[in-house]
Amino acid sequence: MKGEGKVFLKSRMKWIGLLGLVLSIFSLLVHFLLAGFTNDSISDYSIPVTIFSWRPVFDNPRFARHTPLYRRLWGPTRHVEQLLPDANPRGFHSDPPGRTNGFVFVRIQGGFHEIRNSIPDVVAVSRLLNATLVIPEIQSTTSSKGISSQFKSFAYLYNEEHFMASIANDVRVVKTLPKNLKRARRKKQIPSFKVSYGTSPYYYLHHVLPVLIKHSVVELVVPHGGCLQAILPSDVEEYQRLRCRVAFHALQFRKEVQELSTKVLQRLRPLGRPFIAYDPGMTREALAYHGCAELFQDVHTELIQHKRAWMIKRGIVKGKLSVDSAEQRLSGLCPLMPEEVGILLRAYGYSWDTIIYVAGGEVFGGQRTLIPLHGMFGNVVDRTSLSTSWELAKMYGREAKHKDIKTMTPPSIEEETKHDSLKGTRQRPQPLPPPPARPKYYNIEGWWGWVAESDNEPESTVIELRTNAHKLLWEAIDYVVSVEADVFISGFDRDGKGHPSFASLVMGHRLYQSASAKTFRPDRKRIAMLLEDIRDHMYEANHTWITSVRKLLKRSILEGLMESSKKSKAFSFLSHPVPECSCTRRAARVSNASLIETDLGVTHRCPQWMEGVVIKRSKDNKNLEKEEDLDEEDSSSSGLFFGHKGSGGNSNGNNETVNSEANNKEEAQLEDQEELEGGER
């Protein structure tokens, strides 16, 4: 019996061991399959329950919303509360005819803001030419290798079906050209126009339309982020509202991008707190174009200067290679550095635990440039700290695997021996041609930069092309978050061609969607002069300087709006879609009505159905309107901006602090004076 029991026990252990081995092999296979599906290697695999990296830190979990301080920091801009979006046609607007003059095929080059600025233009041009629009081709994605085959070109970024349905009453849209025209295009047998930035509508009527009627198809290449002039003649003003309908209603991001953007927004509002979206606007192209190389050091300056030399060679930049960056900065032509923006926000009264979302794509110089901002604010985040690699991989879709590693292999022993033997022979071989210039690589914190020995930029690798396509999706998330943010501020609003950038489009969208949302448009020239005054003691500013900054930032909300109507709108209509795409309430106060009608030019009255919604909101805020908007003192008003806690452990700005009667009276007088100036404008 003992022997039989031992044999039974051994056989049972063997079966258990075999079962465990089978389960282990099965588990490994499942992990390998999942890793292959989500990314290029198993080392990059992340399970869907991974928690994003940001851990919010607050002095006080309670957040008082019904205080004068809250209204000053986060409240709406009362002067433009009566301004509402209205992009509907205001005159006779016919549906597109069943028979058109032909097809317009468009290829759009450039980054996110250039693509978004171009699409409304090509829709307006298609209606102007009475043409059928083929879904535009985004060159940033079609030229990229290895991106997901699930989404092609336009559909990689935007929702095709929603786009086509939204503009069905304005323009006929098809997904592809007919087979015969598609074949002709592949053979380059269809007429093509490379249109410049801000082209006049009469150019299309006099030059493009005759060719379209003759050939039934034309190709438009849009390389500079816009193919129609920003300010149109009054007889074609209806096309401005068409642009608004396309930009703010038809252009909806595809489902995966929209879902992740919504998740990021939800994670940005822990405990229902508001947040600031900040776009540094610090791209290599913009810094090179405006001559701001000396704001950086070492290899960063060389990279910017190399790009500027490349731009000069191609006629993009007309100036000299060497520019005094300090003079450019004092003239307001260079971006505000993240450190400077942090000082401005702390001086205005935002506490150290304010949530700041860094938007607008990659920041030149990497995370090292943002270190001072992290020192002043404990909750500085971006899309990478609010999403997981699993979520990003799902948004990218299933991508092909590419090995794009170019390594320099050392010569073999045989080659070295042959080389040494040739040295000893009398008859030496003919010299080889000199090798091509090779780029020198520097590992810079946060990114890889290069300084080449030649004047040409190196060709993009497959991985870099894929990353460029991914950047479109990253900036799409940043765009959604920035538009929905409680407060928005930008360090710079020009791109590498001198045109309005990502920040300008965000500010235009916010102006259209919710004009009263707080949007700072700081005057960089005046800010630079103020910062020069405290250059030697930037973190210990006095009360007078802080008062000046608060006054300047507060005025920038309205004065910057007026300024953008003169400067930004001349280059990009979407950066300031007022008054063409806005209406005003009838029950506006006298001072507000003067500002809206005289300065912004909005005279169109909103439809009756919109009046009821606004009046209801106005009644809800009636008590808040009567509150005196005191510019309260707080512990961040003076002293060290890096300090996290004020005396007694109280919060630095979001909690009301006890002030002297004299200070309160002084701040109240300042607010009253600003209200009076706003009414006079």
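Predicted model: local features only at pLDDT ≥ 70, side-chain atom pairs only at ≥ 80, totals over all residues.

Residues are numbered from 1 along each chain as its sequence is written, and side-chain values use heavy atoms, with hydrogens and water left out.

Q: What makes C244 and C581 a disulfide?
A: A disulfide is a pair of cysteine sulfur atoms within 2.5 Å. The S to S distance of C244 and C581 is 2.0 Å, so the pair meets that cut-off. A search of the whole structure finds 3 disulfides.

Q: Why is the disulfide of C244 and C581 called right-handed?
A: Its torsion about the S-S bond is about 95 degrees, so the label is right-handed. The pair links distant parts of the chain, 337 residues apart: C244 is in helix 9 (residues 238-250), and C581 is in the loop between helix 21 (543-566) and strand 16 (582-584). Helices (H or I, at least four residues) and strands (E, at least two) are DSSP runs, numbered from the N terminus.

Q: Is the disulfide of C292 and C334 right-handed or left-handed, and why?
A: The torsion about the S-S bond of C292 and C334 is about -100 degrees, so this disulfide is left-handed. C292 lies in the loop between helix 11 (284-289) and helix 12 (299-313), while C334 lies in the loop between helix 13 (325-330) and helix 14 (338-348), so the pair ties together parts 42 residues apart in sequence.

Q: How do you know whether C292 is buried or exposed?
A: Buried means under 20% relative accessible area, exposed over 50%, and partly exposed in between (1.4 Å probe, protein chains only). C292 has a relative accessible area of 0%, so C292 is buried. C334, at 2%, is buried too.

Q: What is the S to S distance of C583 and C606?
A: C583 and C606 are joined by a disulfide with S to S 2.1 Å. C583 lies in strand 16 and C606 in the loop between helix 22 (590-599) and helix 23 (608-620), so the pair ties together parts 23 residues apart in sequence. C583 counts as buried at 0% relative accessibility, and C606 counts as buried at 1%.

Q: Why does I25 count as partly exposed?
A: I25 has 46% relative accessibility, so the label is partly exposed. I25 is placed in helix 1 (residues 2-38).

Q: What makes F112 and Y479 an aromatic pair that is tilted?
A: Rings of Phe, Tyr and Trp (its six-membered ring) pair if their centres lie within 6.5 Å; planes under 30 degrees apart count as stacked, over 60 as edge-to-face and the rest as tilted. The structure holds 13 aromatic pairs. For F112 and Y479, the values are 5.6 Å centre to centre and 55 degrees between the planes, and the pair is tilted.

Q: Why is the pair of F248 and Y512 called stacked?
A: The ring centres of F248 and Y512 are 4.5 Å apart and the planes are at 20 degrees, so the pair is stacked. F248 in helix 9 and Y512 in helix 19 (residues 502-513) are 264 residues apart.

Q: How do you know that R254 lies over the face of F151?
A: A charge sits over a ring if NZ of Lys or CZ of Arg is within 6 Å of the ring centre and within 35 degrees of the ring normal. R254 lies over the face of F151, at 3.7 Å from the ring centre.
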